[in-house]
Amino acid sequence: MKKPSGVQNRKLHAALETQVQELWMQLKLFEKAIPYFEGDSRVQAHKYLLSTLCSDLVTRVVRFVAEDHMIPVDTQEISLTLEDRIKIIGQLPPAISKQLKSLETTLRGKDVETFSQKFETVCGMECCGVFLKK
């Protein structure tokens, strides 16, 4: 697999940042609405967001980091399964792999806030360097 040139890499990073920002803002809006739900509806709202928007965010970050480290990823599939993400994460350097495994684990949890905290950490300069708007 050929590593992208500097210009291509900047374009890929800019595209990732745009996509992540859009999904992140949607997640934050939905997260603000969750307290208005009561009981089981609140739990279901958390689970739904984790399995949809949050999962999509993780997939995009995992794809970007994998491509940045020249790990082949099937570009035909839009989303990655849990097994695909775990396989890719296992091939990354230990420091990045540890952060992404921790983030992946939050998808199976019951709280969007925990996911958000981990995602902000992963988006930092150490892993993928995406700036998130608050």
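Rings of Phe, Tyr and Trp (its six-membered ring) count as a pair if their centres lie within 6.5 Å, and the legends below apply this to a predicted model.

**View 1. Trp24, Phe115 and Phe119 form one aromatic cluster.** The structure holds two aromatic pairs. In one of them, the ring centres of tryptophan 24 and phenylalanine 119 are 5.5 Å apart and the planes stand at 25°, so this pair is stacked. Because tryptophan 24 belongs to helix 1 (residues 6–33) and phenylalanine 119 to helix 5 (residues 112–122), the pair ties together parts that are 95 residues apart in sequence. Phenylalanine 115 and phenylalanine 119 are stacked as well, with 5.5 Å from centre to centre and 20° between the planes, and both lie in helix 5, four residues apart, which is about one turn of the helix. Tryptophan 24 and phenylalanine 119 are both buried, and phenylalanine 115 is buried with a relative accessible area of 0%.

**View 2. Salt bridges that share partners join Arg85, Glu104 and Arg108 into one network.** Glutamate 104 meets arginine 85 at 2.7 Å, N to O, and meets arginine 108 at 3.6 Å, N to O. Glutamate 104 is buried, with a relative accessible area of 3%, and arginine 85 is likewise buried, at 5%.

**View 3. Arginine 60 forms a salt bridge with aspartate 56.** The closest N and O atoms of this pair, one of four salt bridges in the structure, are 3.3 Å apart. Both residues lie in helix 2 (residues 40–68), four residues apart, and are therefore separated by about one helical turn. Arginine 60 is partly exposed at 25% relative accessibility, and aspartate 56 is partly exposed at 23%.

Terms used:
Residues are numbered from 1 along each chain as its sequence is written. This is a predicted model: local features need pLDDT of at least 70, side-chain atom pairs count only at pLDDT 80 or more; totals for chains, interfaces and linings use all residues. Side-chain values use heavy atoms; hydrogens and water are left out. Rings of Phe, Tyr and Trp (its six-membered ring) pair if their centres lie within 6.5 Å; planes under 30 degrees apart count as stacked, over 60 as edge-to-face and the rest as tilted. Helices (H or I, at least four residues) and strands (E, at least two) are DSSP runs, numbered from the N terminus. Buried means under 20% relative accessible area, exposed over 50%, partly exposed in between (1.4 Å probe, protein chains only). A salt bridge is a side-chain nitrogen of Lys or Arg within 4 Å of a carboxyl oxygen of Asp or Glu.
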